[in-house]
Amino acid sequence: MPRKLILTVGALLVLLLACGVEGQPPAATPKTFEAQDFSRLKGMEGFSNQALDLHFALYQGYVKNTNRLLEELQKLAAQKQLKTPAYAELKRRFGWEFDGMRLHELYFGNLGGKELLAPESPLLKKIQENFGVFDKWAEDYKATGALRGIGWVVLYEDPVSGRLFNTWINEHDVGHLAGCQPLLVMDVFEHAYLPDYGLKRAAYIQAFFDNIDWKAVEGRLGK
Ligand SMILES: [Fe+2]
């Protein structure tokens, strides 16, 4: 057999194997999510290590459950159970667990800072454009965090209009602004403040403000 033909047949065989025996692409093995390590926050003023450890454990639960949900959904799909109530309920649940995971990563990721927002910072300019002065923005962000209920406050940047919004997120999944970039994320579930502050949520919010990592927040701008 001519060498050129052998090579062509070989290439075809490799292609067939890559595509699976019946022309279907091989099932991809999805990557599982892994909990990030935020132990660098230990010792942060205004947050006890005990409260942080509790919070890290809760966060790890969201990572675990996000992976579990994905696995269960994949199993049901493989069993052709796509139209079952079980599949529907797990689908609905997915956003709650995923957002719980991701919001905690953003929250811990924007903590641990010691410096104020620099006067020449593009983020400060953007806050001033949207809210007039920094203090007015901060007052609104804190007031949003004081709303009755459990959830999050997210400073969102709308890439379409360039505007900033202080947004209340109910639980983990209700109220997100489609297509917007989260810049500063604050957890106001009771587990975030009860261990150190009891019902004094405002004191916790102040401690949060005292520890914002503005460099991390700025790094999210325009992404
Ligand atoms: Fe939390």
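## Salt bridges and a metal site

In this predicted model, Glu 89 and Arg 92 sit 3 residues apart in helix H3 (residues 85-109), so about one helical turn separates them.

**Exercise 1.** Work out whether Glu 89 and Arg 92 form a salt bridge, and find how accessible they are.

*Solution.* Step one: the closest N and O atoms of Glu 89 and Arg 92 are 3.9 Å apart. Step two: the cut-off is 4 Å, so the pair counts as a salt bridge. Step three: both Glu 89 and Arg 92 are exposed.

**Exercise 2.** Stay in helix H3 and describe the pair Arg 102 and Glu 105.

*Solution.* Begin with the spacing: Arg 102 and Glu 105 are 3 residues apart, about one helical turn. Their side chains meet in a salt bridge, 3.0 Å from N to O. Next, check accessibility: Arg 102 is partly exposed at 33% relative accessible area, whereas Glu 105, at 10%, is buried.

**Exercise 3.** Which protein residues are donors to the iron ion, and what is the geometry of the site?

*Solution.* First, list the donors: His 55 (NE2), His 104 (NE2), Asp 187 (OD) and His 191 (NE2), lying 1.9 to 2.1 Å from the iron ion. Second, take the angles among the 4 donor atoms, which run from 87 to 135 degrees; the site is tetrahedral. Third, read the donor spacing along the sequence: H-x48-H-x82-D-x3-H. Finally, look at accessibility: Asp 187 and His 191 are both buried.

Key: Residues numbered from 1 in each chain as written. Predicted model: local features only at pLDDT ≥ 70, side-chain atom pairs only at ≥ 80, totals over all residues. Heavy atoms only, no water. Donors = N, O, S within 2.8 Å, 3.2 Å for Na, K, Ca; no water. Tetrahedral: all angles 85-135°; square planar, octahedral: opposite > 155°, others 65-115°. Buried < 20%, exposed > 50% of the residue type's maximum accessible area, 1.4 Å probe, protein only. Helix = DSSP H or I, 4+ residues; strand = E, 2+ residues; numbered from the N terminus.
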